[in-house]
Amino acid sequence: LARHLRHTALAATLCRSGPVLDIGLAASHRHQGVFDDLVELGLARGRITARLGLGLGAAGIRDAASRLAGFRGSSLALLAPQPPLSDPAPSSIQET
């Protein structure tokens, strides 16, 4: 019982943070197992599992990477090939 109470107390503390809730929703959307673990924890029957921790961690990393990407909208945009720079305007100075 003590182990369960520690896990639910930690989950209750983490749920007070909006970003943590967003990360939990994103992780549960991507992985059915994470969703199942969150449901069990929410029903006071489960505990924080390795699968749940890894799912939340991965979602948190994805969230941080997309925030770092800034206005590009996605961390994957940083890895996408960029178009070549256009040639500079011809110079009005001619070589002699």
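1. Axes are lines fitted to C-alpha atoms, for helices over the stretch in contact, and the angles between N-to-C directions run from 0 to 180 degrees. Helices themselves are DSSP runs of H or I with at least four residues, numbered from the N terminus. On this basis, the axes of α3 and α4 come within 9 Å and cross at roughly 115 degrees.

2. The model is a predicted one, in which local features need pLDDT of at least 70 and side-chain atom pairs count only at pLDDT 80 or more, while totals for chains, interfaces and linings use all residues. Residues are numbered from 1 along each chain as its sequence is written, and side-chain values use heavy atoms, with hydrogens and water left out.

3. The crossing of α3 and α4 is left-handed, a term for a near helix turned anticlockwise from the far one by less than a right angle. Which residues meet between the two helices? On the α3 side they are G33, V34, D37, L38 and L41, and on the α4 side R51, L52 and G55. Contact here means heavy atoms within 4.5 Å.

4. Side chains of opposite charge can pair when their charged atoms come close. The structure holds 2 salt bridges, each defined by a side-chain nitrogen of Lys or Arg within 4 Å of a carboxyl oxygen of Asp or Glu. In one, the side chains of R51 and D37 meet at 2.9 Å, N to O. This pair links distant parts of the chain, since R51 belongs to helix α4 and D37 to helix α3, 14 residues apart.

5. Is D37 buried or exposed? D37 counts as buried because its relative accessibility is 9%, the cut-offs being under 20% for buried, over 50% for exposed and in between for partly exposed (1.4 Å probe, protein chains only).

6. E40 is partly exposed, with a relative accessible area of 29%, whereas R45 is exposed, at 57%.

7. F35, V39 and L43 make a nonpolar surface patch of about 250 Å². Such patches consist of residues with over 30% relative accessible area and no salt bridge, nonpolar side chains (Val, Leu, Ile, Met, Phe, Trp, Tyr) being joined within 5 Å and like charges within 9 Å. L43 lies in the loop between α3 (32-42) and α4 (50-68), and L43 is partly exposed, with a relative accessible area of 48%.

Technical notes
Accessible areas come from the Shrake-Rupley method with a 1.4 Å probe; for residues, only the protein chains shown count as cover.
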